[in-house]
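Please keep the sequence and the view at hand while reading.

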Amino acid sequence: MDKSIFLSSDIDIDTFASCLKKKYSRNSLISFKNDWNNFVVFCQLHHVMALPASTTAIRIFIEKQAKEKKLASIKRSLISISHVHNAFELKDPTQTAQVKAAVGKIRLDKRDDSKQTEGITLSMLAELERQLSSSVELKDIRDLVIWHLMFELLLKRGELRDLTLDDVCFDEFGNCVIQLQQNYYPLSQETTLLLNKWLSASHLTEGYLFRGLDRHQNLSSSHLNDSSIYRIFRRANELLNLEVNFSGLSARVGATKELSKCGYTVHEIQELGRWVSPAMPNQYIGNIERSERQKDKFKKKPE
DNA sequence: TCTCTGATGTGAATAGACGT
DNA sequence: ACGTCTATTCACATCAGAGA
């Protein structure tokens, strides 16, 4: 592949992907491409070469970005630039002392620029139920199950989106069990009731469990859009009249905290929430010390 | 058929997850 | 802690049905 096409600031995703050494998910590719395009535009503006790029060009680029963007974005920019250089067997200009020093400085300046999701609590769930439980609007019925289900199963947004009717099983006594990654999670009576209400009101018989709804209560045939799930949580915010902002992870974060209050150990919560390491649940619980120690296990010992 | 409106979809920025 | 990859957030564009 000719590297000159990488000097255009408008390279498309497929071309970009075909040059990289490894397979990446679509979201990653979109980001890589976008980062690279930004860098090329910067280089054109300053009349310097983008590929291979000089260490100094990169240093100035990230220092400029740091004025507007967050640390996470800058880190990813560097990774994207590095990938393109690797693709053409060029020396990676991001792995130099000069760039590392610049990143270190930005890291210090921006130490606390990331914020953590607000958790939804049991009492908030109860209040939402109080407000909506008698509603016959399809949207109200749907959202109420979603809040409860995500809280009870510590669902990530994507996990909720991908649930199908096949993942929902009832036994002869009407108890409900949800299948997630080969595991079965029983539902509480309360949530089972809400789920049944949704199933009968929506008349769904197959396919995705939750769907988009237009304002005339028409069900969409495809799954709930990621953004829609986010909005469902923002809706909870509005109904509860809270200052804080919920997001798609709020149920997961809130449930983690409630479980911990009820005496569940971090290990148990980790398993319930399908985390690979206990670091995240620790962080949500606010057990900073233990969370740090978990991460410290891999920290290099000082000489 | 047009317009209104409230939803969904898209894409860039940022946060989370996980390996080491 | 830090590097890397992926998922989530959020502003904006776009869509589509109901009523005029």
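## A residue in helix H12

Helix H12, residues 266-272, contains Gln270; helices here are DSSP runs (H or I) of at least four residues and strands are E runs of at least two, numbered from the N terminus. Gln270 has a relative accessible area of 11%, so this residue is buried. Buried stands for under 20% relative accessible area, exposed for over 50% and partly exposed for the range in between, with a 1.4 Å probe and protein chains only. With neighbours within four places in sequence left aside, Gln270 is in contact with Trp275, Val276, Ser277, Pro278 and Pro281, contact being heavy atoms within 4.5 Å.

## Basis of the model

This is a predicted model, in which local features need pLDDT of at least 70 and side-chain atom pairs count only at pLDDT 80 or more, while totals for chains, interfaces and linings use all residues. Residues are numbered from 1 along each chain as its sequence is written, chains are lettered from A and ligands numbered from 1 in the order in which they are written, and side-chain values use heavy atoms, with hydrogens and water left out.

## The chain as a whole

Chain A has 14 helices and five strands. Its C-alpha trace spans about 70 × 50 × 40 Å along the principal axes. Of its 303 residues, 42% count as buried. Among contacts between residues at least 6 apart in sequence, 58% join residues at least 24 apart.

The chain is divided into domain 1 (3-109) and domain 2 (122-263), with bounds from an automatic or database domain assignment. The centres of the two domains, taken over C-alpha atoms, are separated by 40 Å.

## Helix H4

Helix H4 covers residues 71-87; its 17 residues should span 24 Å at 1.5 Å a residue, and its end C-alpha atoms are 25 Å apart, which agrees. The expected span is 1.5 Å times one less than the number of residues. Glu89, which has a positive phi near 55°, follows H4.

Among the buried residues of H4 are Leu71, Ile74, Leu78, Ile81 and Val84. The cover over the buried residues of H4 includes helix H1 (13-19), helix H2 (26-46), helix H3 (55-65) and helix H5 (97-109).

## Thr191 in helix H9

Thr191 lies in helix H9 and counts as buried, at 0% relative accessibility. Not counting residues up to four places away in sequence, Thr191 touches His148, Leu149 and Glu152.

## Pocket and cavity

The largest pocket has a volume of about 370 Å³. Of the 20 residues that line this pocket, Phe151, Glu152, Leu153, Ala255 and Leu259 are the closest to its centre. The lining of the largest pocket divides into 13 nonpolar, three polar and four charged residues. Nonpolar covers Ala, Val, Leu, Ile, Met, Phe, Trp, Tyr, Cys and Pro, charged covers Asp, Glu, Lys and Arg, and the others, Gly among them, are polar.

The structure holds one cavity of 30 Å³ or more. Leu132, Asp140, Ile141, Leu144, Leu194 and Lys197 line the largest cavity. On a 1 Å grid over the protein atoms alone, a cavity is a set of points where a 1.4 Å probe fits but cannot get out, and a pocket is an open set with protein on both sides within 12 Å along at least five of seven lines; lining residues have an atom within 4 Å of a point. Grid points are joined across faces, edges and corners, and a volume is the space filled by probe spheres set on the points.
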